[in-house]
Structures are given as structure tokens and as C-alpha cells.
Amino acid sequence: MNAEMQKAEDYLKKHRIMELMNDLCASLSFHKPKDVRSFLIKELERRELEGAEASFFEDREIDAVFQLADLMRTGIAQKEQARAALLALANSQKQKEAVQELELPEELDQVTFQQQAKMVLTFS
């Protein structure tokens, strides 16, 4: 594979474009709208508001974000650092609001952080 093709593949993986397209195609097949373009626009807008794209995060990605919040590498993130990390994962206004409203303990370990992320980011 040449360098440009590798860059394109890496981009698609990084942004999970294939998962999104597969999901949109499945939705199209289920709903069978007459106006496909309008349906897709509305579906993408709905996902932005409701946070449907959050289900694309894997545990290892959440763990990597936790590591960024664990500044001292102690296995513990302070409440505000954990909140900032959760906000970094949020992909919609709804998710950002949910993170802001979340009552977090003063310190979170990696397991607790992952549980909170899955809960607040509406994983499916």
C-alpha cells in the first residue's frame, strides 16, 4: 500500500468513518426514506444532539484519555481533570451537558472513570 493510501486508511480509522457510514446505511435500509439526502442530514443532526456517535469509543480509547487525566501516573485522576477528560470524549452538546452535570467523586480510578464515561456518553 502506498503512503497516500495508508494516510487515507488511517484517517478513516481515526474518525471511525466506516462505522458511521455502515450505521447510516443500516438506518436508511430500515426507514427507506423517499428523500435520502434530507434523511441523512436529519440523522446526522440528531446524532449530534443526542450523542449517538459516542458508541464508537472502545475501552482502550477511554483508558488512553484517562491516562492523560492521571497527571501524576498514580492510577487516580482528580475530579476536575476527570471531568475535562470526559469533556474531551463528548461529541455532542447533549453529552457535554451530561458531563457538566455529572456528580463525580473527588478522585476516580481508571475503572470508575471508564464506568462514568460509558454512562454519561450514552454508549450503546
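This is a predicted model: local features need pLDDT of at least 70, side-chain atom pairs count only at pLDDT 80 or more; totals for chains, interfaces and linings use all residues.

User: Why does E43 count as buried?

Analyst: Because its relative accessible area is 8%, and buried means under 20%.

User: Where is E43 in the fold?

Analyst: E43 sits in helix 3, which covers residues 36-50.

User: And which residues is E43 in contact with, leaving aside neighbours within four places in sequence?

Analyst: L24 and S27.

User: Switching to the backbone: what's the phi of K32?

Analyst: Positive, about 50°, although K32 is not a glycine. K32 belongs to the loop between helix 2 (17-31) and helix 3.

User: Is K32 buried or exposed?

Analyst: Exposed, at a relative accessible area of 63%.

User: What about the phi of R73?

Analyst: R73 isn't a glycine either, and its phi is positive, about 55°. Look for R73 in the loop between helix 4 (59-69) and strand 1 (76-78). R73 counts as exposed because its relative accessibility is 55%, and the cut-off for exposed is over 50%.

User: OK, confidence. What's the mean pLDDT of the protein chain?

Analyst: The mean is 85, and 90% of the residues reach 70 or more.

User: Where is confidence lowest, and where is it highest?

Analyst: Helix 2 is lowest, with a mean of 80, while strand 2 (residues 107-109) is highest at 96.

Terms used. Residues are numbered from 1 along each chain as its sequence is written. Side-chain values use heavy atoms; hydrogens and water are left out. Helices (H or I, at least four residues) and strands (E, at least two) are DSSP runs, numbered from the N terminus. Buried means under 20% relative accessible area, exposed over 50%, partly exposed in between (1.4 Å probe, protein chains only). Contact means heavy atoms within 4.5 Å. pLDDT is the predictor's confidence in each residue, from 0 to 100.
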